[in-house]
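Please open the structure in your viewer and keep the selection tool at hand.

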Amino acid sequence: MLYIKINQTLTLLCFIFISLFSYSQEKQATEDSRYKGINVGHETRVLDSEINKKHYKLFISLPDDYNTNKDHKYPVLYLLDGQWDFTNLVSSYNTIKYDGLAPNIIIIGISYAGKDPDYTNLRANDMTPTSLPQIKDSGEAETFTEVLQKEIIPFVEKEYRASHENRTLAGTSFAGLYTHYVLFNSPNLFHNYIICNPSLWYDNELPFKYENKYYKNNKTLNANATLVWGSLDDVNRHEKMANQIKNHSYEGLNFLATVENGFGHNSSKPGGYAKGILHSFKIRGINIPEHELEKYTGNYELFPGQTISLIIYEGHLAVSEFRGQTNIPIYSISKDEFSLMGTYKTFDFNKDEKGQVISLTVEADQGNVVLKKVK
């Protein structure tokens, strides 16, 4: 039902844009990378850690408007195992962004630099919380967290217009184990957590102990967290963890546990990352008294001879009817900011010097559309 309503709102936008503009041919995307055969983003940077003496390679994907929207700071998604999953996640994000379901963000793929890096050994070292004899060089998650907190994140926030108020961490398998570890050991470092097929078996199911330990001392967890797994993966442990977190009912936690049916440990990543992005950046509207919404209602001119009507429906603004669609919701983000339900396509109401609403600006890829308010 949610996707049907979102498609309705997107249909409305499409009609508005087609009515007012002729689409120009999209510009061919340019590849600035020196690396051939793989899209590693707009830039590739190397960071030499003073803490653990490792050399990290950072794949940087910047928003389309990064060079033009120079006063804006962007949310940042930090993806572990960038050498394997960066292209995958960027592709998932772009499809979501195209539908208006996520904001413009910076994506950082964290990998390792140097000649022929041993990814398996390096990640096992960084992303495991304790040392196991059967896993070479394991057990340095605490040190890697220090690298993230004191070196990687400050580097990104210095070099790019990266917001420190909206950070996301994402990872699969050992990287999912580490993402879970950070959530319950350094919960203030990130705001969103995408935990895909985490290795919950590690060290006699140590992740369950971390979560229980956190709960004993904290009943609040301010985060958006997604736990996703393939139906052909370690289902019992993942369900057990999902139930354990749900039963603790943390105040402030928006938790999503979801399954990718028919997929396994690796093949569930595309869908898993997509669901995690949707949950992390979901617009959560607020309630505004109806009498404060009345000033926005009325008729707005789409083009000469045709208008759309905004009404109040079930406590929120709505487009009363358009091309067979009725009561299309417009939700309140704040007292003066509005959004088509579930999307980042904003409705901005313009006022005169007396505070009277005179027009409506709809955000569009081809430029903003202004609809004059008429009686």
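**First stop: a strand in the open sheet**

Begin by selecting Val-76 together with Ile-106: in strand β4, Ile-106 is the bridge partner of Val-76. The model shown is a predicted one. Now extend the selection to the whole of β3 and β4, which run parallel and are joined by 4 bridges.

The strands β2 and β4 run antiparallel, with 6 bridges joining them.

How many of the residues of β4 are buried? The count is 7 of 7, so β4 is largely enclosed by the rest of the structure. Colour its two faces separately.

**Second stop: the open sheet as a whole**

Select strands β1 to β8. These 8 strands form an open sheet with mixed pairing, and their order is β1-β2-β4-β3-β5-β6-β7-β8. Which strands lie at the edges? They are β1 (residues 43-48) and β8 (residues 251-260), each of which pairs on one side only. On average, neighbouring strands of this sheet are turned by 20° against each other, when direction is ignored.

Strand β7 (residues 220-230) pairs with β8 in the parallel sense over 9 bridges. Select Thr-220 and you will find Glu-251 of β8 opposite.

Select residues 82-98, which form helix α2. This helix packs on the sheet and touches β2 (55-61), β3 (74-79), β4 (106-112) and β5 (162-173). The direction of α2 makes about 165° with that of β4.

Then select helix α5, residues 174-185. Helix α5 also packs on the sheet, where it touches β5, β6 (192-198) and β7. Its direction makes about 135° with that of β5.

**Fourth stop: a pair of helices**

Two packed helices are described by the angle between their axes and the distance between the axes. Select α6 (residues 202-217) and α7 (residues 235-248): their axes come within 11 Å and cross at roughly 0°. That angle makes α6 roughly parallel to α7.

Show the side chains where the two helices meet. From α6, select Glu-205, Pro-207, Phe-208, Glu-211, Asn-212 and Tyr-215; these meet Arg-237, Lys-240, Met-241, Gln-244, Ile-245 and His-248 in α7. The residues of this contact divide into 5 nonpolar, 3 polar and 4 charged.

Select strands β9 to β16. These 8 strands make a closed barrel in the order β9-β10-β11-β12-β13-β14-β15-β16, and the pairing is antiparallel. Neighbouring strands here are turned by 35° against each other on average, direction ignored.

For a detail, select β15 (residues 357-362) and β16 (residues 369-374), which run antiparallel and are joined by 4 bridges. Within this pair, Val-362 stands opposite Val-369 of β16.

**Last stop: the whole protein**

Finally, display everything. The secondary structure comes to 9 helices and 16 strands. Of the 375 residues, 48% are buried. The protein exposes about 18700 Å², of which carbon and sulfur atoms supply 47%. Among contacts with a separation of 6 or more, 64% are accounted for by residues 24 or more positions apart.

How values were computed: Residues are numbered from 1 along each chain as its sequence is written. This is a predicted model: local features need pLDDT of at least 70, side-chain atom pairs count only at pLDDT 80 or more; totals for chains, interfaces and linings use all residues. Side-chain values use heavy atoms; hydrogens and water are left out. Axes are lines fitted to C-alpha atoms, for helices over the stretch in contact, and angles run from 0 to 180 degrees between N-to-C directions. Angles under 35 degrees count as roughly parallel, over 145 as roughly antiparallel, 65 to 115 as roughly perpendicular and the rest as oblique. Contact means heavy atoms within 4.5 Å. Ala, Val, Leu, Ile, Met, Phe, Trp, Tyr, Cys and Pro count as nonpolar, Asp, Glu, Lys and Arg as charged, and the others, Gly among them, as polar. Two strands pair if DSSP finds at least two bridges between them. Buried means under 20% relative accessible area, exposed over 50%, partly exposed in between (1.4 Å probe, protein chains only). Accessible areas come from the Shrake-Rupley method with a 1.4 Å probe; for residues, only the protein chains shown count as cover.
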